[in-house]
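Subject: The structure, and notes on it

Hello,

Here is the structure I promised to send. Please open it and keep it beside you as you read the notes below.

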Amino acid sequence: MFRTIFAIALKNAFLRKSRALLLIVMIGMSMGVMVGLEGLYDGMSLHMIDKSIRSDSGEISLYAPRYRLENDIRYRIEDAGEKVARLQKIPGVRTALYRLQVDGLAQTATKSNPSRAIGIDLESEKAFGKFGDFLKEGRLDFGKNGTFVGSELARKLKLKIGSKVIFTAQDSQLNIQSIALRVRAIIRTTNLSLDERGIYLPRERVAAFLGLDPGSATQIALRSSGENDPLLKKEIQNLFPDLKVYTFIELYPQLKQMQSMMDIFNAITFGIVMVVVFVGILGVMYVSILDRIREFGILLSIGYAYRYIRFQIMMEALFLGFAGYLLGALLGFVLLSYLQIHGMDLRAFSEGLESFGMESTLYATIKASYFVSTFFAILLASLLSVILPLRRLKKLNPVEVIRDAQ
Amino acid sequence: MIKLKHVNKYFYQGEPREVHALKSIELEIERGEFSVINGPSGCGKTTLLNAIGVLDEITSGEIWLEEREIAHLSPREKTEIRLTQMGFVFQAYNLVPVLTVAENIGFVMRLQGYPAEEIRQRVHELASILQIEEKLDTLPSLLSGGQQQRVAVARAVASKPKIILADEPTANLDSKNSIKLMEMMKRLNEKEGITILFSSHDAYVVENARRVIMLDDGALV
């Protein structure tokens with residue numbers, strides 16, 4: 001029996017081709033755009049998180065107690081190399097490195113700006129976060145007296161490749177020291193604090209400049225498999241009880257907030273699209289049922305139970321919703337695939353975006369969950385949309401319909 | 001087989017324009033009868049037929065189908081009675097537009113859960129009797145009025161109901177098709193032993209019925 005009802009529903013759903021097509025296109029377009037926006041929002045926040053992890057914190061970072069409060073090299077980690085070696089032996093840790101940072105002042109002949117010397121090991125950085133990806137101009141080679149500067153700092157100080165810059169800071173003996181550097185590369189991480197203040201130097205050079213042991217560090221960062229960072233944090237904290245261990249979320253709570261905000265945008269977009277789908281199917285089903293009142297009257301009069309009609313109407317709505325879903329999923333997938341590869345070019349708004357630490361080209365991400373959640377939401381919207389038309393049908397008196405028809 | 005006891009039907013009961021459509025109807029229809037309810041337009045023929053077919057509520061009285069009083073059943077039970085015990089032929093054919101002729105004929109059987117093969121055989125058998133074999137895969141909208149009415153008859157008799165209720169089945173047919181339909185109904189009545197009750201004011205139908213039930217202003221004459 002249900003096969004017959006299924007067949008009737010299928011035929012009825014697409015009986016009025018233009019009406020059905022219009023609805024399917026409406027659902028498909030709304031869903032396609034929604035999935036596109038969802039992927040773009042997610043892509044934007046994931047991209048920022050990824051850049052921050054790769055350029056700075058890793059999934060987990062270790063600091064000497066009070067360093068993050070005071071930003072003073074007195075609160076440093078000693079024998080960092082040996083600690084990194086121990087960390088790398090922990091299952092779940094993919095790679096680790098250490099950095100030595102000190103706040104100071106960068107100057108040219110005419111301008112100056114607060115900055116931060118970041119002592120790095122270039123090869124470790126490449127393995128840690130594909131440091132080469134952040135290169136905006138120049139070459140990743142410190143050479144003699146070479147430095148890499150953050151893109152925003154370079155803009156403020158009008159630095160170009162080959163420009164000279166003086167970095168001044170207080171060493172471990174509290175003496176003011178200066179170092180003359182030549183810009184070899186300009187680095188753009190989209191991590192605002194690094195781009196505005198970063199002066200990258202070989203780690204040993206920063207240690208010598210500050211009069212510290214080469215094994216000194218202000219930060220140890222590690223990349224994990226990401227499966228269970230809180231547990232890994234606990235394990236590391238137990239291993240190094242004298243250090244403070246932070247997960248990425250603890251170091252960048254604003255990015256987590258941004259992700260939550262994107263989730264809210266997504267939920268709002270999702271809600272609007274589902275209302276559109278709901279109203280669309282409701283309208284089409286209502287008109288379709290009013291058009292076929294006589295048919296339902298006939299069916300009731302020859303013994304077709306109301307429950308069969310209910311099932312039939314639900315199936316019709318589901319067919320329309322599902323057809324719209326298929327079109328929307330296809331459109332969404334094509335749109336996301338394009339945006340994942342080519343991105344959305346927003347160079348016209350680059351200044352505004354960059355001030356938020358965003359790229360001027362936004363890349364989307366594709367997750368199966370977009371399609372799964374939309375599938376169930378459309379399923380639900382389709383089923384809810386027939387409640388009103390069914391209530392109308394429930395009141396139907398077959399004999400009145402047949403009398404009217406005759 | 002069918003017994004109506006003191007059946008009354010009012011429209012707009014209690015309102016100033018109240019109509020007493022059926023007046024204390026006492027009627028008995030035996031198994032295998034080929035009867036017609038006859039009378040002038042507006043005398044209550046369709047109302048009486050609808051009451052017997054439990055399509056419409058009656059105001060008072062009882063309607064018995066064999067040993068069961070059916071007028072006061074729940075809507076669900078009435079639907080079940082219509083499905084399993086009765087066949088309907090309407091003036092306006094009332095076929096399901098999205099189903100083919102074969103699917104329309106077999107529709108009631110399918111609702112009753114007959115096996116597919118039995119439905120197929122019965123559809124072909126009826127299509128042969130009613131001379132619509134070549135139209136089995138056609139949609140109703142592509143058939144003439146006479147052909148559509150034959151499909152409606154086939155649908156009504158397919159599951160071998162106890163009674164067929166036909167409301168003005170020839171009203172939309174020309175005389176040639178009316179004669180054909182009556183002959184077929186007679187044949188089905190004789191061959192299948194199905195009780196047939198028409199409502200009609202068509203002279204040809206009245207002439208060919210074995211029993212004529214006269215109705216005037218809602219009362220049996």
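How many residue pairs are in polar contact across the interface of chain B and chain A? The rule finds four, with both residues of each pair at pLDDT 80 or more. Keep in mind that this is a predicted model.

**Where the chains meet**

Start with the contacts. Chain B brings 25 residues to the interface, and they touch 24 residues of chain A. The size of an interface is often given as the accessible area lost when the parts come together. Here, chain B and chain A bury about 2200 Å² between them. Carbon and sulfur atoms give 63% of that area. On the side of chain B, three residues lose the most area to chain A: B:Asn94, B:Val98 and B:Leu111. Together they make up 25% of what that side buries.

Next, the charged pair. The count between the two chains is one salt bridge. A:Lys11 forms a salt bridge with B:Glu103. The closest N and O atoms of A:Lys11 and B:Glu103 are 3.1 Å apart.

Which helices of chain B each supply at least two residues of the side that touches chain A? They are helix 2 (75-85) and helix 3 (101-111). Helix 3 of chain B gives the most, with five residues. By type, the chain B side divides into 14 nonpolar, four polar and seven charged residues.

**Chain A and its domains**

Now look at chain A by itself. Its domain assignment gives two entries. Domain 1 covers 2-51 + 255-405, and domain 2 covers 60-225. Taken over C-alpha atoms, the centres of domain 1 and domain 2 of chain A are 51 Å apart.

**Two buried residues**

Find A:Ile313 in helix 13 of chain A, which spans residues 306-341. Is A:Ile313 buried or exposed? Its relative accessibility is 0%, so A:Ile313 counts as buried. Leaving out residues up to four places away in sequence, A:Ile313 touches A:Met285, A:Ile289, A:Phe296, A:Val386, A:Leu390 and A:Leu393. Now compare A:Ile313 with A:Tyr246. The two are 67 residues apart in sequence. In space, they are 56 Å apart, C-alpha to C-alpha.

Then go to A:Thr168, in strand 6 (residues 164-170) of chain A. A:Thr168 has 15% relative accessibility, so this residue counts as buried too. The side chains of A:Thr168 and A:Ser178 are joined by a polar contact of 2.9 Å. Beyond its neighbours within four places in sequence, A:Thr168 is in contact with several residues, among them A:Gly104, A:Leu105, A:Gln107 and A:Ile176.

**Two loop residues with positive phi**

Which residue sits in the loop between strand 4 (135-138) and strand 5 (146-150) of chain A? Look at A:Asn145. Its phi is near 60°, a positive value in a residue other than glycine. A:Asn145 is partly exposed, with a relative accessible area of 31%.

A:Lys158 lies in the loop between helix 6 (151-156) and strand 6 of chain A. Phi of A:Lys158 is near 55°, which is also positive in a residue other than glycine. A:Lys158 is exposed, with a relative accessible area of 61%.

Best wishes

Technical notes:
Residues are numbered from 1 along each chain as its sequence is written. Chains are lettered from A and ligands numbered from 1 in the order in which they are written. This is a predicted model: local features need pLDDT of at least 70, side-chain atom pairs count only at pLDDT 80 or more; totals for chains, interfaces and linings use all residues. Side-chain values use heavy atoms; hydrogens and water are left out. Contact means heavy atoms within 4.5 Å. Buried area is the accessible area (1.4 Å probe) that two parts lose on being put together, summed over both. A salt bridge is a side-chain nitrogen of Lys or Arg within 4 Å of a carboxyl oxygen of Asp or Glu. A polar contact is a pair of N or O atoms within 3.5 Å; within protein, one must be able to donate a hydrogen and the other to accept it, and residues adjacent in sequence count only if both atoms are side-chain atoms. Helices (H or I, at least four residues) and strands (E, at least two) are DSSP runs, numbered from the N terminus. Ala, Val, Leu, Ile, Met, Phe, Trp, Tyr, Cys and Pro count as nonpolar, Asp, Glu, Lys and Arg as charged, and the others, Gly among them, as polar. Buried means under 20% relative accessible area, exposed over 50%, partly exposed in between (1.4 Å probe, protein chains only). Domain bounds come from an automatic or database domain assignment.
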